[in-house]
Amino acid sequence: MALLSMTAKDLLRSIRDRSALFISIGAPLILAFILSTVLGSAGDEQNFEVTYGIVDQDGGPLAQQFTDQVLPGLEKQGFATTRRIDSPAEARSLAEDDDISAAFIIPPGFSDGIQAGRGGAIRVVASPDSEIGGDIARSVAQQFAAELNAVSLSVGTVSGPGGPPRGPRAQELAERAASTATPITIADQGAGSRQ
């Protein structure tokens with residue numbers, strides 16, 4: 001019962017604590033920004049900016065959390081802008097033409113798949129001309145995936161091999177986790193190359 005209480009407490013804290021999400025995403029972004037400023041080309045050192053495209057074909061709660069809570073954090077950092085794009089093909093074309101630094105493509109059924117324990121993937125399509133912008137996009141998606149994976153494992157730990165623990169809150173947590181498998185992966189896809 002003590003394990004159940006500790007796990008439930010940690011799970012609830014991580015879900016409620018927006019600062020933990022900011023730290024896990026903000027720290028890599030700030031580091032990437034510093035490195036890009038130091039290592040960027042001489043003319044671009046002071047003007048580092050990226051534009052990210054968002055193709056949300058899912059519209060579910062987890063996709064909305066990513067598009068409405070995580071990605072706006074990039075804009076608040078002051079070096080990124082985001083824009084909605086209608087299709088994956090358009091996103092690939094814009095990345096290939098270097099009109100955007102990268103695109104996040106969230107497929108249909110993403111939220112339902114993760115909540116049902118089948119997993120899901122966010123595809124990151126990066127421009128070949130924006131290496132740092134692509135790296136930042138992959139880092140953001142990986143941090144989001146890590147957060148979802150941690151929550152899934154915590155809930156899986158609470159449910160344990162003997163079935164769901166007793167109590168209404170523990171029952172609710174166990175029902176949300178169909179399995180402890182990694183629920184989300186990142187699929188990296190280049191938009192071409194410049195050689």
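**Close-up 1. Aspartate 68 and arginine 84 join their side chains in a salt bridge, 3.4 Å from N to O.** A salt bridge here is a side-chain nitrogen of Lys or Arg within 4 Å of a carboxyl oxygen of Asp or Glu. The model is a predicted one: local features need pLDDT of at least 70, side-chain atom pairs count only at pLDDT 80 or more, and totals for chains, interfaces and linings use all residues. Residues are numbered from 1 along each chain as its sequence is written, and side-chain values use heavy atoms, with hydrogens and water left out. Aspartate 68 sits in helix 3 (residues 61-76) and arginine 84 in strand 2 (residues 80-84), so the pair ties together parts 16 residues apart in sequence. Helices (H or I, at least four residues) and strands (E, at least two) are DSSP runs, numbered from the N terminus. Aspartate 68 is partly exposed at 45% relative accessible area, while arginine 84 is exposed at 51%. Buried means under 20%, exposed over 50%, and partly exposed in between (1.4 Å probe, protein chains only).

**Close-up 2. Aspartate 135 and arginine 138 form a salt bridge at 2.6 Å, N to O.** The two are three residues apart in helix 6 (residues 131-159), or about one helical turn. Aspartate 135 is partly exposed at 38%, but arginine 138 is buried at 19%.

**Close-up 3. Strand 1 pairs in parallel with strand 2 over five bridges.** Pairing takes at least two DSSP bridges between the strands. Valine 50 faces alanine 80 in strand 2. Five of the seven residues of strand 1 (residues 50-56) are buried, so the strand is largely enclosed by the rest of the structure.
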